[in-house]
Each structure stands twice: as structure tokens, then as C-alpha cells.
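Opening the notebook on this one.

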Amino acid sequence: MMASEQPQSLAVAAADSPEVEQITYDMRELLQKSGELTLDEKFALCRSVGEECIQEAELRRLLEKKPHIVAYDGFEPSGRMHIAQGVLKALNVNKLTKCGITFKFWVADWFAQMNNKMGGDLAKIQVVGRYLVEIWKAVGMNMEGVEFLSCSEEINKRPAEYWSLVMDIARRSNLKRVMRCTQIMGRNEDDDLSAAQIFYPVMQAADIFFLKADICQLGMDQRKVNMLAREYCDDCRPKRLKPVILSHAMLPGLLEGQEKMSKSDPNSAIFMEDSEAEVKTKIKKAYCPPLQIASNPCVAYVQHIVLPWFNKFDVERTEANGGNKSYTSYEELTADYESGALHPSDLKPALVKQLNAILQPVRDHFEQNAEAKALLKQVKSFKVTK
């Protein structure tokens with residue numbers, strides 16, 4: 001979601017028609033609307049998912065012309081789920097399925113193994129995969145129009161199709177270009193990479209076509225490999241339609257200087273089944289400089305998690321500190337924060353209260369459902385490896 005737009009609303013105009021008057025849509029109203037959405041409403045809802053869209057005209061044409069659209073995201077089962085992967089993804093998936101789009105989750109167990117997650121133990125990785133699915137169900141993701149597909153199972157069903165794709169992409173991509181994509185798995189070009197890790201980006205590009213995905217709905221950190229897939233479409237024979245890239249924003253880690261959350265650092269993020277006390281402690285310690293919006297993780301949590309979820313951000317404070325206030329737009333919030341009218345000592349308790357409200361159904365599920373409880377116990381016992 002773009003930093004300049006309100007989390008719950010989006011002003012859009014017809015693609016390739018800058019002279020068309022913009023229309024502002026309330027995203028929450030569109031999600032709650034009964035009946036068929038118009039083309040403009042579908043475009044607005046889909047576009048609100050992404051900090052970046054490549055390309056908007058292609059997205060609009062897809063919504064207008066194709067009756068059955070597929071979006072996908074792949075995830076490594078690599079440890080406990082943090083709030084960006086849980087809540088932010090649920091919000092985005094619900095927007096896309098509301099538009100009639102089928103969302104395919106690629107449970108990338110082989111990829112996690114190649115990237116040495118869970119020590120490369122495939123059995124542990126698959127346990128983590130089942131745990132992640134349980135969280136999305138509990139947090140409120142609409143499962144109609146959602147498919148969870150295991151990478152190892154699906155590839156083994158159609159191996160000739162998949163490996164032919166991988167080979168063709170590898171043959172048409174030079175090594176330097178592929179190496180630039182290694183950041184998608186949290187690596188750098190100058191790391192001591194295994195051969196499997198070098199092959200990882202080629203396989204991820206192949207996933208897009210294997211799953212017949214029209215939209216790549218992943219984070220901005222996956223942009224390079226999605227662009228590799230689009231470049232492949234220019235070179236392959238026969239020609240393929242380029243996937244639309246709809247990249248969501250990345251939430252920063254909670255501590256100063258952390259551009260991205262880290263599963264290996266428990267203080268870096270709120271995890272989906274964290275207790276109320278853990279949420280309170282983490283937010284209390286979180287970096288939240290007064291008057292500063294940039295690189296402020298607490299403000300980012302309000303922008304990308306709380307405002308889209310509740311359509312408001314309620315702050316409770318004494319009359320001496322300005323009294324209670326309900327923010328309904330990001331612009332209003334940032335104006336008060338940058339002026340000092342809203343202080344971190346008031347923002348943080350409000351953030352804790354509303355994050356705990358979002359996470360409570362997940363806690364309840366993992367406490368009351370025996371299978372989910374056993375999965376969480378297993379996952380917590382596993383050692384997270386990079």
C-alpha cells in the first residue's frame with residue numbers, strides 16, 4: 001500500500017486515461033458490498049493491495065477480459081508466522097477473492113529445504129506449512145476461492161511440465177541476472193551460496209507459469225524474480241502473457257534500523273500467536289521516535305495493519321493530553337504525530353490494545369483446537385535456521 005494513500009480508501013482513474021476524473025472508493029465498503037462489483041471497483045480493490053503494480057493497464061485489462069483469474073503467493077514454511085505474513089496477507093487475499101480471483105498459496109516446502117530452513121529437514125518444514133495454514137484460517141481469511149498447494153506434491157504430479165519450464169528459463173537467463181535475484185530468499189550475491197540456492201530463483205519463476213498465475217501477489221522483496229518471469233515472456237517460444245506484479249509493502253522490524261522483520265529475532269516482530277503480555281512488551285520496546293514517521297515501525301503497524309482492519313485507530317488518553325480520539329485516515333494520524341499532538345506514550349498503548357484484538361481469535365484457535373495446539377508445540381520446538 002502506498003505511503004501517500006489512506007489505508008481504507010483509494011482514488012483511481014481508468015488506466016491509460018489520465019484525463020478521466022478520479023473516483024475515491026472506501027476499501028472496507030467494497031469488501032462488505034453484496035453483489036457484483038463494477039470493473040472500476042474491482043480495479044480499485046485489487047490496486048489497493050500493492051505498493052507497486054506492474055502494470056496497471058494490464059491489471060485492468062485482465063479484470064475486464066479474463067473470466068477466471070489466478071493470483072499466487074509462495075511462502076517458505078520457515079518458522080512461526082509474523083503479523084505481516086498473517087494479517088496483511090489475509091487482508092490482501094480477501095480483497096482479491098472479493099473480485100472473483102482465485103488465490104493459490106504455493107506451500108514451498110522444497111524451496112525451504114533448498115534454503116536450509118529448519119536445517120533442511122523436509123518433514124519439519126511440512127509441519128510448519130500445516131501450522132501456517134491453520135493461522136490463516138483462524139485470523140479470518142475467506143477460504144472461498146483459496147487453494148493451498150504443496151510444492152513437492154504438485155511438482156511430482158506433473159514433473160515433465162515443471163522441469164521443462166525450469167530448464168527453459170535457466171537456458172534463457174544468464175547467471176549474473178539470476179544471482180541478482182538471490183535477495184528473494186534473504187541472501188546476497190556475495191554469500192557462499194549452494195548450487196540449490198542459485199537454482200532457487202529459476203524455479204520460483206517457473207512456479208508462476210506452472211500455477212498458471214495471472215497475478216504475482218508477493219512482497220516488494222520478491223520483485224526481482226517476478227521481473228525475471230516477465231523478461232522470460234519476451235524471450236520464450238511460444239510467447240507467454242506476462243504476469244501482473246502486485247507487490248505489497250514490507251513492514252519494518254520493531255527495533256531501530258530493521259528494514260524487515262526477522263523470524264530468527266523474536267523481538268523483531270509480533271508473531272500471530274503471541275500472548276497479550278508478549279505483544280505489550282514488544283511494542284513497549286519498539287522503536288518509536290516522537291515527531292518522526294519515516295522508519296517508525298509503530299506508525300507502520302497502524303498504517304498497514306490496524307487502519308485497514310478496523311477502518312479506524314482509537315487512542316485513549318487523558319483530557320490533559322488531548323482526550324480520546326479516533327483516527328480514520330493515515331493522513332490525519334501522521335499530521336498529529338509529526339506535530340506532537342499524538343505522542344508515542346499514547347500511540348503505543350492504543351496499538352497494543354488493537355493488535356491484541358486482532359490476534360485473539362488466533363490465540364483461541366491454538367488453545368482450543370487440539371490439532372492446532374499440537375502443531376504449534378512442534379513448531380516452537382524446532383530450531384529456526386537461516
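My entries follow, starting with the ground rules.

I'm working from a predicted model, where local features need pLDDT of at least 70, side-chain atom pairs count only at pLDDT 80 or more, and totals for chains, interfaces and linings use all residues. Residues are numbered from 1 along each chain as its sequence is written, and side-chain values use heavy atoms, with hydrogens and water left out.

Entry, helix pair. I looked up α6 (residues 122-139) and α16 (residues 370-381): their axes come within 9 Å and cross at roughly 130°. Axes here are lines fitted to C-alpha atoms, for helices over the stretch in contact, with angles from 0 to 180 degrees between N-to-C directions. That makes α6 oblique to α16 (angles under 35 degrees are roughly parallel, over 145 roughly antiparallel, 65 to 115 roughly perpendicular, the rest oblique). On the α6 side I find Val127, Val128, Arg130, Tyr131 and Glu134, which meet Ala372, Leu375, Leu376, Gln378 and Val379 in α16. The residues of this contact divide into seven nonpolar, one polar and two charged.

Entry, Ser329. I found Ser329 in the loop between β10 (325-327) and α14 (330-339). Ser329 is buried at 11% relative accessible area (buried is under 20%, exposed over 50%, partly exposed in between, with a 1.4 Å probe and protein chains only). Its side chain reaches the backbone nitrogen of Glu332 at 3.1 Å.

Entry, Arg177. Buried or exposed, I wondered about Arg177? Arg177 sits in α9 (residues 175-179) and counts as buried, at 10% relative accessibility. Leaving aside neighbours within four places in sequence, Arg177 is in contact (heavy atoms within 4.5 Å) with Lys224, Met227, Leu228 and Glu231.

Technical notes: Helix = DSSP H or I, 4+ residues; strand = E, 2+ residues; numbered from the N terminus. Nonpolar A, V, L, I, M, F, W, Y, C, P; charged D, E, K, R; others polar. Polar contact = N/O pair within 3.5 Å; in protein donor to acceptor, adjacent residues only side chain to side chain.
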